[in-house]
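Student: Could you walk me through this structure, starting with its charged pairs? I'd like to know how each term is defined as we go.

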Amino acid sequence: MKIPYVPNPPETTTPEDAAIVARIQARRAPRPLIPLDLALLHAPPVADGWNSLLGAIRTKTSLPDDLRELAICRVAVCNKAWFEWAQHGPLAVEGGVSVASLDIVKAELLPETRPEALLNEKQWAVLKYADEMTRNVQVNDDVFKLVRAHFDDRETVEITATASILRIYTVVMF
């Protein structure tokens, strides 16, 4: 982490900050606060908003687990955020992504064409989109068309938010 951690348990000076810490602890339960929480709690309102957004992305989107985790894993690779890879690679496998497919996700560069035996069209679209968003910020029209061929407005926003939030996190924290 580039930002030091607050003490664990976090010290609070206002009832509002104590409520924020309690909300974050409740979302993490039964696990303890993670380093991300302890870094973000330097700015409790930001930590609170982040907690709410991450909770929505992890549990309230319409995306299936494989697609959500593929987006997260690809951003982790592009940003060399190996801590995130270690956390989300196994979640991708639990979500139905094969270990062989993760080798494609973990490559420095994605292949020019979809490895049909390993990734379906939706998975490929998510990978290409997350890669393009992370590396270039502006997504080229062909990649965006690929996403739109498989996903409606809501899903496109959810994929975008999933990749974006991890990108912000990896830039700030690693």
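Student: Which residue does E69 form a salt bridge with, and how far apart are the closest N and O atoms?

Tutor: E69 pairs with R68, and their closest N and O atoms are 3.1 Å apart; a salt bridge here is a side-chain nitrogen of Lys or Arg within 4 Å of a carboxyl oxygen of Asp or Glu. Before going on, note that this is a predicted model, in which local features need pLDDT of at least 70 and side-chain atom pairs count only at pLDDT 80 or more, while totals for chains, interfaces and linings use all residues. Residues are numbered from 1 along each chain as its sequence is written, and side-chain values use heavy atoms, with hydrogens and water left out.

Student: OK, and are E69 and R68 buried or exposed?

Tutor: E69 is buried, with a relative accessible area of 0%, and R68 is buried as well, at 6%. The classes are buried for under 20% relative accessible area, exposed for over 50%, and partly exposed in between, with a 1.4 Å probe and protein chains only.

Student: How is the protein divided into domains?

Tutor: Domain 1 covers 15-60 and domain 2 covers 65-173, the bounds coming from an automatic or database domain assignment. Their C-alpha centres lie 24 Å apart. Domain 1 gives 9 residues to the contact and domain 2 gives 11, where contact means heavy atoms within 4.5 Å.

Student: How much area do domain 1 and domain 2 bury between them?

Tutor: About 860 Å², with 77% of it on carbon and sulfur atoms; buried area is the accessible area (1.4 Å probe) that two parts lose on being put together, summed over both. On the domain 1 side, W50, I57 and R58 supply 59% of the area buried against domain 2, more than any other three residues.

Student: Which elements give two or more residues to the domain 1 side?

Tutor: They are α2 (35-40) and α3 (44-59), and α3 gives the largest share, 5 residues. Helices (H or I, at least four residues) and strands (E, at least two) are DSSP runs, numbered from the N terminus. By type, the residues on that side divide into 7 nonpolar, no polar and 2 charged, with Ala, Val, Leu, Ile, Met, Phe, Trp, Tyr, Cys and Pro counted as nonpolar, Asp, Glu, Lys and Arg as charged, and the others, Gly among them, as polar.

Student: Where is H88 found, and what is it in contact with?

Tutor: H88 is found in helix α5 (residues 82-94) and is buried, with a relative accessible area of 8%. Leaving aside its neighbours within four places in sequence, H88 is in contact with R58, E69, I72 and C73.

Student: Back to charges: what does E108 form a salt bridge with?

Tutor: E108 forms a salt bridge with K80, the closest N and O atoms being 3.4 Å apart. E108 lies in the loop between α6 (99-106) and α7 and K80 in the loop between α4 and α5, so this pair ties together parts that are 28 residues apart in sequence. The side chains of E108 and R135 also meet in a salt bridge, at 3.9 Å from N to O; R135 is in helix α7, so that pair ties together parts 27 residues apart in sequence.

Student: How accessible are E108, K80 and R135?

Tutor: E108 is partly exposed at 45% relative accessibility, K80 is partly exposed at 48%, and R135 is partly exposed with a relative accessible area of 33%. A network of salt bridges links R74, K80, E108, D131 and R135, and a search of the whole structure finds 12 salt bridges.

Student: What about the backbone, say phi of K80?

Tutor: Phi of K80 is near 55°, a positive value in a residue other than glycine. Phi of V137 is positive too, near 65°, and V137 is found in the loop between α7 (121-136) and α8 (141-150).

Student: And which residues does a cis peptide bond join?

Tutor: One joins N8 and P9, with omega about 10°, and another runs from A29 to P30, with omega near 5°. P9 is placed in the segment before α1 (15-28), whereas P30 is found in the loop between α1 and α2.
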